[in-house]
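Please read this briefing alongside the structure shown below. The notes are grouped by topic for a reader new to it.

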Amino acid sequence: MAAEPYDFIIVGAGSAGAALANRLSENPRWRVLLLEAGARTHPYSRIPVSFGLLIDHATANWRYSSEPEEHTANRRIPVPRGRLLGGSSSINGLVFVRGQPLDYNTWRQMGNPGWSFQDVLPVFQRLEHYEHGADELRSQGGPLRVSEATDEGPLYDALRSAASELGFAHNPDYNGASQEGIVRTQTTISRGVRQSTARCYLQPIRNRRNLHIETRAHSERLLLEGTRCTGVVYRQDGIEIEATCTREVIVCAGAVATPQLLELSGIGRPDVLSEHGIEVRHEIAGVGENLRDHINARTQFHMKRSELSYNQRMKGIGPAIQVMEYLIRQRGFLSLPSAPMLAFLKTRPQMETPDVQMHIVPYAVKNPKKRQLHDFPAMTVSVYQLRPESLGSIHIKSPDPRDHPAIRFNFLTDPIDRDTILGGFRLIRRIMDTEAMKSVRGDEYSPGTDVQSDDEILDYIRSTAETAYHPIGTCRMGPGPLGVVDERLRVRGLDGLRIADASIMPTMVSGNTNGACIMIGEKASDMIREDHPTP
């Protein structure tokens, strides 16, 4: 197969790329090459709690980190990204969020026809199999199985009571008519098994003769003939290989690696390229700009009842009990997503829609990177602003494809972001101070009740907060000088090159990004089929 040109080459087999490969290879006349820099799988990946086991694992994770910055205490913040078939969907926290209609209507208002909520809703419906039923907004029959978190107990009962105490309406489906409320998490888990795009989109079609999947194939640059992209140069087992195509290359490498690949290929800002001795093949000022991510502030609380926390239940023979619980019932610690309950709330009552998201976790860790549990019963509540305004960048640091790019988040540089995360932090304390929660939680362990003023809280966040692992926007869709792709995801000024991943998002969706990335891959397949009709 490698001796002949393909019809399409897809760079990156992650959330969007795997979905796109599935849909394009449905046409038996099209020969599709899917390139993945990582391995096929990792034995831990199928187990939900692997999000903690693989967060710093060199085989499954690119293990990027940000540049030190003043607004986050000059720390290097870890930026984990998946390095397997399925990409980050194979190592993520398994939380399924579509976002709010506001998000996609904003994209449309920014000059991107075809991306309003009414435009993307049918795509979301097509991709999912919501195990708790279908209605006018939810669907069954799609490849991605979505279920509700199964963990139960008095802690979750107390949280529901706290919601009532504060006047939050009961919400049975935050991906339905309204997002607002303290809610049970919807997960990409089915019968205790992670539903990555590798499992849902690639495994069922692994025998298609027209789909060629290459793993451990690190794309190093795009092939350009004038203003047309004709293929990809990738390295596999130390050997440089050229793959060519007759129709399109679609880059689905994610918000970190996609701008890096474009710059290595001479596409981007001339000053960045010339600094590293790369010939400018096509100038686009927006490549690598417009980076956004969620900065995630965590609080931890002691628990009054030790059996309510997995910190206690994982002591002694606890791990063996949890393994048996998982094998027999698909329940317990190993079956957990990153948070069994979420909260989507407004920091001010006059807000039209929620502006913060909380993750509520029945344990607490000493070190977020290593996931070491505290030796006392505890719980964690983290919060981030849903739609951050602070903008960063991702640019190459050298012409060597093996070198990680420079990631600069510029977190908390916009005053809206600072005000919103402060409001979210204080909302956590309001929830935890309800009578319902006082029955189960003990004292605030971190940061502690001594931290009270805005400046004290912000200092704590700057010194401890991590990202929520949702980088987007670095090849922004839209008109204007910083637009990299048009509304059909075609790279401006070039033929035969499209981008379909989180990097095209003009603004952040309100929540975890995996669901939106899969939608982008699905929607890209529709556009490509429309642009390349076959008899």
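Strand β6 (residues 144–148) pairs with β8 in the antiparallel sense over 2 bridges, where two strands pair if DSSP finds at least two bridges between them. Strands (E, at least two residues) and helices (H or I, at least four) are DSSP runs numbered from the N terminus. This is a predicted model, in which local features need pLDDT of at least 70 and side-chain atom pairs count only at pLDDT 80 or more, while totals for chains, interfaces and linings use all residues. Residues are numbered from 1 along each chain as its sequence is written, and side-chain values use heavy atoms, with hydrogens and water left out.

**The sheet**
- Within β8, T187 is the bridge partner of S147.
- The strands form an open sheet of 3 in the order β5-β6-β8, with mixed pairing, and its edge strands, β5 (128–130) and β8 (186–187), each pair on one side only.

**Helix α3**
- In helix α3 (residues 101–109), D103, Y104 and W107 are buried, meaning under 20% relative accessible area with a 1.4 Å probe and protein chains only.
- Seen down the axis of α3, these buried residues fall within an arc of 85°, so they line one face of the helix; the arc is that of the directions from the helix axis to the C-beta atoms.
- The cover over the buried residues of α3 includes α4 (117–127) and α14 (514–531), where contact means heavy atoms within 4.5 Å.
- After α3 comes G111, whose phi is positive, near 100°.

How values were computed:
Buried means under 20% relative accessible area, exposed over 50%, partly exposed in between (1.4 Å probe, protein chains only).
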